[in-house]
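Subject: Structure handover

Hello,

Please find the structure below. My notes on what was found in it follow.

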Amino acid sequence: MALSQPAWVIDLKTSPSSRPKAPSNVADPPGYSTSGSSKKSQKQITPPTQAETDDLKIKKAWEVALAPAKSLPMNMIMMYMSGNTLQIFSIMMTAMLFMNPLRALSSVGNTFSKFDGEATHGRLLTVKLAYIGLQILTIVIGIWKVNAMGLLPTTRSDWLAWEHAPVPLETSISNFR
Amino acid sequence: MWLRHNPLHYFLLAGSLLSSSCQAVFSDEAFHTDFQVQLFGTALDPSSTFFHQAAAGKTGSLLYTLSNRLVIGAINPKDGAQVWRQRLGEGTVSESEELSKSAWLRKSKDGRIVSVFDKAIALWDAATGRAVWEYSASVTVADVITLEAENLLVVALKGGEVKAIKLASGEIAWETLVGEGRDVASNFNLVGDRLFLTLSEPAATALKTVVISPATGAQLETFIDGVFGQSDNHVSTPQMLPITAFRDSDQLKLNTLGTKQTKSLGVDSTVHDYRLHSVTQDTLFIEYWAKSPDSATSWADFYTIKDGVVTKKTSLPYENAISVFSLSDSGSGIFATRVNRAEIRIYDAESENQVKAFELPKLLPAEPLHVVAEVVKRKDGAIAVRAAVTLADGNMVLVRNDQIVWTRQEALASAVAAEFVDVHEVEDTLEKTLHAEETSNLVTAYIKRVTRHIEELKYLPGWIAGFQESILGIFGPATPTDTAITKDPFGYRKFVVLVTRFGWVTAIDTANRGEVVWTINLGKTEILEKDIKGIFHFGKGVVLVVLTSGDIYKIDAITGKGLKRTAIQILPSASVMTVESPTSDDRWIIAIPARESVKGWFWPDEKEEELTKALSKATLSRKCEGSTGICGYTAKPIIGGRLILTPTWSFRLPQNQKVVSISTRPAHDPIASIGKVLGDRSVMYKYVNPHLALLIASAPSSSSIYLYLLDTVSGAILHTSIQTDADTTRPIVATIAENWYVYSYYSNSDARGTQLVVTDFYASATKNDPARLLQQNISSYDQPRSTSPYGISQAFVFPHPITSLATTTTRQGITTRAVLLSVPKLGSLLAINKRTLEPRRPVGREPTAEEKEEGLFKYEPYLGVDHGRASLSHIRDLVGVEKIITTPSLLESTSIVVGWGIDIFGTRTNPSEAFDVLGRGFNKLALIGSVLAVGVGTLFLRPMVRKKQIGQRWAQ
């Protein structure tokens, strides 16, 4: 901290004391001690190191990345409960199951940009990958659901409409009267 | 917006619409889309057709008749409506010649009529048609007579047994045997209180008369009246006359009963036939008619009978035209009525003069066959006549004085062949035009289209008029439009072309309650089922009727005009079929004789190269000579209208089996999906083969029936099955469509009764295995054993005998099929959905979830009749509907069904519900009403809202 910083920068960086300074002319109520809080504020005043901030950022990023994992069991239960019939609710829920992950996937960079820094950039990659993996997992649940609803052309019967009987090479004419 | 100022108009309009709609609300839907032509058949014999008072107290009489189809009944002479009818005899009737000798209808006492057919006698209530009693004799009945005084019906059986049956109860009052069973009884005559029975003694060639006491049945006297030679025949004699008549080749002999006095009347060899009429004891009237090759003649004579002596009194003039006579006694005199095609003339028996002549407004459509007439002479001397004339075309007309009051199309009951004609296909050129546009280049196609559109403008006024009509149709019952060809958007209008036994071709309109559209005479006196080779479509709106004699009639199916009549020399046993050119509109009929090494024929004998092309890949198949199996040929046309036939295959049955029926898939039988989707989304591929033929053979010696499924190109046997314990004497019927067949037979096994067996064929036993089905082309010759179809069967017990089976057909084959059954016991036409007749139904367990999803339900061996849903004929009583034909309409959901035999019944059926058309239940009025109501509401509210909004703004 060789550089002298302007006062407002310092103000900005250090969190304000939890309580505005009491006017000196007013005595604290009996039994009230400001020593605890003043100790804390004294501690916070010492700024964290860059490494610490980065760790914190990565930690935060992990939290964001793993958030979809928490909703996975809920999604699965909901999908299971909504049944395989084609109804407005099950269709809407299934659509959400695709929409949300796709939206999330398209804005992966945005989501993690506030954690991004020169130092964290490399470490953030695994976090992003985990995030993408989890979103894909959600989509897989959606695909499983769509399949369960019979919407995926995975069976023979789905292609039956494009199958035609062969053209007979011969003709037959008959009258058995 | 003048309307806004007159809101009252809307109320008036709505009110008028509502009131006019009330007429069409509560009629039953079933009777709108279907029709039944109730028929008796052609009156058999003038003595079995009569006017008779239905009940003693009632004034006005009904017309009773016995038809060639053994239907008796009463017709209201005022409008020709059926009052009642009953069918005699369970079996089918084929030949009409013999029938008049074994079946007749007579008046009895107290408003009863008595019918006789073969061994069965029945007394009917004339007003209601209820049977009073029935009696079944051991041998054929020779004659019956009602003895009014004794309240008895005396019956003479052929063997000489005489039984008196009490009219009231049907019990036997007395019985006696005349002539020890050696004599042949012929007829009764009642003279005073002496009942004469005439018999012939074949051994002694004697004519014998026995007098029987009506009260006790005692044989009072026996006379040998004269010689009854080998060549002699009895002539039916009116029972009130004291004479009996018999004939040999050139004489009519009138024997006065109880004496040896016989008067012989010479009958010219040109005389075709004669009839004896009488209304009183002392008048005999004989009508004669002769048919020489070039002209027909007719005349009649009056005779008087006095003290047993027959003397000729007067003669009615000899005329070179067919006329028929009827004798009637109105109480004011005895009159003879003479009817020919142009007029009715009345002759007086006393004065031999023509007393009245009525000229008909137009010629009768055909020569009369026989007539029954009632002549009334009023107090002022005016003569009125009512005559029921049976015509040579098989129909019956009622003429009152000089007016034709009604015509009954009774000939339709004697149809021997029937075929649908697609009226729509005549108009169906659009498809071809569009196709032509596709193939030609852009500029010409554009010009073509524009010219077509300009041409179509001429339909616009008609379309607007029709639109108006259809709008009006929402509010009231649709007014029946004339039968001329009107636009038929759903293709409901089909003509059924029927060839009748009387040698006429008639077309009826399925969209117009079976009304006759046209009728045309083929110029044959009689056409039996064996005489007709077929009715064939021959291009747009043209039908060909081909007879066994080789006559070909080309008829415009829309107008009924005879286009061409020609004859080719074909063998009677030849099979006739049509060939269509694959590239052009050309068609031919070809005849293939049964005998080997005889050349076939084709007609018209032109464009041999085209026909050669059409026949190059074709195999023709027909029944082999002597019906021993099926024979296949290839044919090559040569100049002169002949075909060189090369036998390619034959399938012959073993000695002990004989052909019962051969069925092929319907001509129009599209398969929309080549597989069946199962509950687990896998596919069972159908066995698709357009060349299937199902041959059913019976072996009476082992009481088995054999089913052979053949490929008619290669002759390969694809599938066989055997049913043992079958009753081969009862009807065995089958229908085949798509990849399945259904047949019905009577089983004598533990599950005794009529059985309905369904067999489905799949390409393979395993799922998702299309076998060779996905190839581009398939050849019938390339069928290794491994590709034989996999069949699954299930049998059902049906409670009634089935006489005919058919399948619905729809335009694209997407709709589920329904199997149509004609069940004469119920008098109805039933439809069973193919989903019910599904051999994959689980047996002995509930269906799994997947099977349920597929639509399968638990197999029940007993297939009951669901009258509510299965009966297409609703509550109608169908008499004698034996054959069923079906054709698609333009709507995929709808198939048109017509059953024929005696009655003609037609309907439209939707086996998978009417998914592509609004039902009658759809309330168009409510829809339009609510739209109008909203409109009116808006008109009212708009100024109010505007006013309020403006007010609000001012207030701010």
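The UniProt annotation "domain: ER membrane protein complex subunit 1 C-terminal", from an unreviewed entry, covers residues 737-954 of chain B. UniProt positions are in the numbering used here, feature names are shortened, and annotations may be inferred rather than shown by experiment. This is a predicted model, in which local features need pLDDT of at least 70 and side-chain atom pairs count only at pLDDT 80 or more, while totals for chains, interfaces and linings use all residues. Residues are numbered from 1 along each chain as its sequence is written, chains are lettered from A and ligands numbered from 1 in the order in which they are written, and side-chain values use heavy atoms, with hydrogens and water left out.

Annotated regions of chain B. Residues 737-954 of chain B are 19% helix and 31% strand, with the end C-alpha atoms 79 Å apart. Helices (H or I, at least four residues) and strands (E, at least two) are DSSP runs, numbered from the N terminus. The unreviewed UniProt entry also lists residues 925-945 of chain B as "transmembrane region". That span, residues 925-945 of chain B, is 100% helix and 0% strand, and its end C-alpha atoms lie 29 Å apart.

Strand 11 (residues 152-157) and strand 12 (residues 161-166) of chain B run antiparallel and are joined by five bridges; two strands count as paired if DSSP finds at least two bridges between them. B:Val154 has B:Ala164 in strand 12 as its bridge partner. Three residues lie between the strands of this hairpin, and B:Gly160 takes a positive phi near 105°. Strand 12 of chain B is also joined by five bridges to strand 13 (residues 172-177), again antiparallel, with B:Lys163 opposite B:Glu175. Here the hairpin has five residues between its strands, and B:Gly170 in the turn has a positive phi of about 85°.

Open sheets in chain B. Strands 14-15-16-17 of chain B form, in that order, an open sheet with antiparallel pairing. Its edge strands are strand 14 (184-191) and strand 17 (219-227), each pairing on one side only. Neighbouring strands of this sheet are turned by 25° against each other on average, direction ignored; axes are lines fitted to C-alpha atoms, for helices over the stretch in contact, and angles run from 0 to 180 degrees between N-to-C directions. Strand 14 of chain B and strand 15 (residues 194-201) share seven bridges, and B:Phe188 stands opposite B:Leu197.

Another open, antiparallel sheet has the order 30-31-32-33 in chain B. Strand 30 (368-377) and strand 33 (403-408) of chain B each have a single partner strand, so one side of each is left without a neighbour in the sheet. Nine bridges join strand 30 of chain B to strand 31 (residues 383-391).

Confidence in chain A. The average pLDDT (the predictor's confidence in each residue, from 0 to 100) of chain A is 82, and 85% of the residues score at least 70. Where pLDDT is low, the predicted coordinates should not be read in detail.

Regards
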